[in-house]
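Okay, thanks for coming, everyone.

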Amino acid sequence: MNRQSQAAVLFLLGAALLHAGTTDLYLRYVKAGLQPLLLASGAVLIVAALATAWYEWRRGRKGHGEAPDEGHGEKHSHPEPRISWLLVLPLLALILVAPPALGSYSATRTGTALQEPLAYPALPATDPLPLGLVDYAGRAVYDHGRTLEGRRVRLTGFIALDHDGTPYLVRMALNCCAADAQPVKVALTGAIPPVLQPDTWLTVTGTYTPRRTRDPVNNGPIPYLKITSAAPTPEPRDPYDESYNN
Amino acid sequence: MAITKAAPRDGDTHADAAAPAPDEEPRRLTSPLALTLLLLLLVLLQSPIRRALSAPVMQSWTTVFVAVVIQALPFLVLGVLLSAAIAVYVPPSFFARALPSRPALAVPVAGMAGAVLPGCECASVPVAGALVRRGVTPAAALAFLLSAPAINPIVLTATAVAFPRNPEMVLGRFVASLLVACAMGWLWQRVGRTDWMRPPAHAHHEGQTKGAAFWDSVRHDVMHAGGFLVVGAMAAATLKAVAPESWLRTAAGNPVVAVLALALLAVILSICSEADAFVAASLTQFSLTARLAFLVVGPMIDLKLFAMQAGTFGRAFALRFAPMTFVLAIASAVLTGAVLL
């Protein structure tokens, strides 16, 4: 790959990062806190592309006789030309395909990653109470639902069906990027909707129940939620739960 | 479709074949033309490509692949900028004065200096390459390479947050990582041979202005290390999407197997060192020592890093360096775990 194509690839890569960073696209892949870094690195890549193109153009103007110098430079940077072609792949994946956030496939293959919360802050008095799915699961399992007694809570998550068809409401918890995303699962009981499609997002309203189960993958604890109503909902802006980051 | 698909690859080889013989008439498929054709073809074929990637396995593969690349690119760019600044603006005499002249002493100093590079492992590879190019003794540069992603304040803070009930994990991670970094540095100084390490090749900067040299270095490093980053991301995504997690459960029972399993998992998952503590914290069925092994091995050697090290220092180097680091990291983690945890 010669310098002109390299400049083109750098430019496209920077533009793709800027595109992902300025829309909500990046939230499917990395944590929200990475946005300023994404934008800055996208800008640096574009500047590098422009600088490469400019110096190349100046060099071309300085003397036509210096063309062999180009071949000389290429010979020195040995595996660079061929391996660089691979950078087209993430471009293609990001711009043309834009894969969705991790969903039920990863959720059923990975065990629930619920961890004991540090504290159980008092909950506001609204009814029904909107609560993060991970927050609910933590309070239900490790605080035995003390702060949840007698409350109607509203959770949002996507549906994942176990191998034997057991439905879970899931939120993927993410620390840095989708490679480290792990599911937190809540099992459902009560008025479960009759038809559940994996990966559909639901907002469910329900109450705490002391019933528990174990994740078949890693034996982790899974609390139950007794559903009173459920409604489909669009995918949230940030599909992941990032409460670990705060 | 098979015929049209073959076209850009054909052009690719043509362009490569043309490179060593620049005197030939440039009438063949050159790389800008090949790139244009490739991109055009991909845009034309986007609906079949999307259909092929719509299976859940492929979707999850693509998501993880894109996520690893996007997450690593800002840190790679940061490392590349630093490395270009070192290569162009910092005179070699600076390192001669900053580091002790005896390599045996320079190794721990460079290892401790890793604490100031705030980033994950993708940033440290190009910086270590620039240090070697700038005349820093390779043993010290390697100690820096290994320690920087593991013991910088951001990573240690993340570890403290992830293990709120085991603050000794932070100390354990710091001690064990620094131990491996210094041990590898000293080992390299003892038995390392210069011909194993391909001196990081770089375009010559003489006759260039400083600005031209700086951006030339940035371009070269992004294209080069970025390509290897893509290789590593593909490997990590493949294993994450295909390997079942249930085998971990059986491994947790035996203390020896548990350590080996998590060390191997750290290599395979290739998680950013700023996030791996949270993953380790969630592997509750494993002993603390096994999880410490996960935290020590991950930032020093994983699939993505191996690819990038092979790219920067040569394959002969990476093939010797990576297994040795892996073994020493496990040993150091077990030792530290036995004393501290």
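Predicted model: local features only at pLDDT ≥ 70, side-chain atom pairs only at ≥ 80, totals over all residues.

Let's zoom out to chain B as a whole. It has 17 helices and zero strands. Of its 341 residues, 54% are buried. If you take the contacts in chain B with a separation of 6 or more, 82% of them are between residues 24 or more positions apart.

Go to B:Ala258, in helix 13, residues 255–269, of chain B. Is B:Ala258 buried or exposed? Buried, because 22 other C-beta atoms lie within 10 Å, and the cut-off for buried is 20 or more. Leaving out residues up to four places away in sequence, B:Ala258 touches B:Ala251, B:Ala252, B:Phe286, B:Ser287 and B:Ala290. Take B:Ala290 from that list: it's 32 residues from B:Ala258 in sequence, yet the two C-alpha atoms are 5.9 Å apart.

Now step back to B:Asn254, in the loop between helix 12, residues 247–252, and helix 13 of chain B. B:Asn254 is exposed, because it has 11 other C-beta atoms within 10 Å, and exposed means 12 or fewer. Its C-alpha atom is 24 Å from that of B:Ile301, 47 residues away along the chain.

Next, how do the two chains meet? Here 67 residues of chain B contact 72 residues of chain A. On the chain B side, helices 1, 2, 3, 4, 11 and 14 each supply at least two residues. Helix 4 of chain B gives the largest share, 18 residues. Sorted by class, the chain B side has 43 nonpolar, 16 polar and eight charged residues.

On to chain A. The UniProt entry, which is unreviewed, annotates a "transmembrane region" at residues 36–55 and 83–102 of chain A. How do those spans look in the model? Residues 36–55 of chain A are 100% helix and 0% strand, with the end C-alpha atoms 28 Å apart. Residues 83–102 of chain A are 60% helix and 0% strand, and their end C-alpha atoms also lie 28 Å apart.

Stay in chain A and look at helix 1, residues 3–22, alongside helix 5, residues 88–97. Their axes come within 10 Å and cross at roughly 35°, and the crossing is left-handed. Helix 1 of chain A brings A:Val9, A:Leu12, A:Leu13, A:Ala16 and A:Ala20 to the contact, while helix 5 of chain A brings A:Val88, A:Leu91, A:Leu94 and A:Ile95. By class that's nine nonpolar residues, no polar and no charged.

UniProt, again in an unreviewed entry, also places "domain: DUF1980" at residues 8–103 and 141–240 of chain A. In the model, residues 141–240 of chain A are 52% strand and 2% helix, with end C-alpha atoms 21 Å apart.

Most residues other than glycine have a negative phi, and most peptide bonds are trans. The bond from A:Asp127 to A:Pro128 is cis, with omega near -10°. A:Pro128 is in the loop between helix 6, residues 104–109, and strand 1, residues 129–130, of chain A.

Then A:His144, whose phi is positive, near 55°. You'll find A:His144 in the loop between helix 7 and strand 2 of chain A, and it counts as partly exposed, with 14 C-beta neighbours inside 10 Å. Finally, A:Asn219 has a positive phi of about 65°. A:Asn219 is in the loop between strand 5 and strand 6 of chain A, and with 13 C-beta neighbours inside 10 Å it counts as partly exposed.

Note on methods
Residues numbered from 1 in each chain as written. Chains lettered and ligands numbered in written order. UniProt positions renumbered as here; feature names shortened; annotations may be inferred. Helix = DSSP H or I, 4+ residues; strand = E, 2+ residues; numbered from the N terminus. Contact = placed C-beta atoms within 7 Å. Axes fitted to C-alpha atoms, helices over the stretch in contact; angles between N-to-C directions. Left-handed = near helix turned anticlockwise from the far one by under 90°. Nonpolar A, V, L, I, M, F, W, Y, C, P; charged D, E, K, R; others polar.
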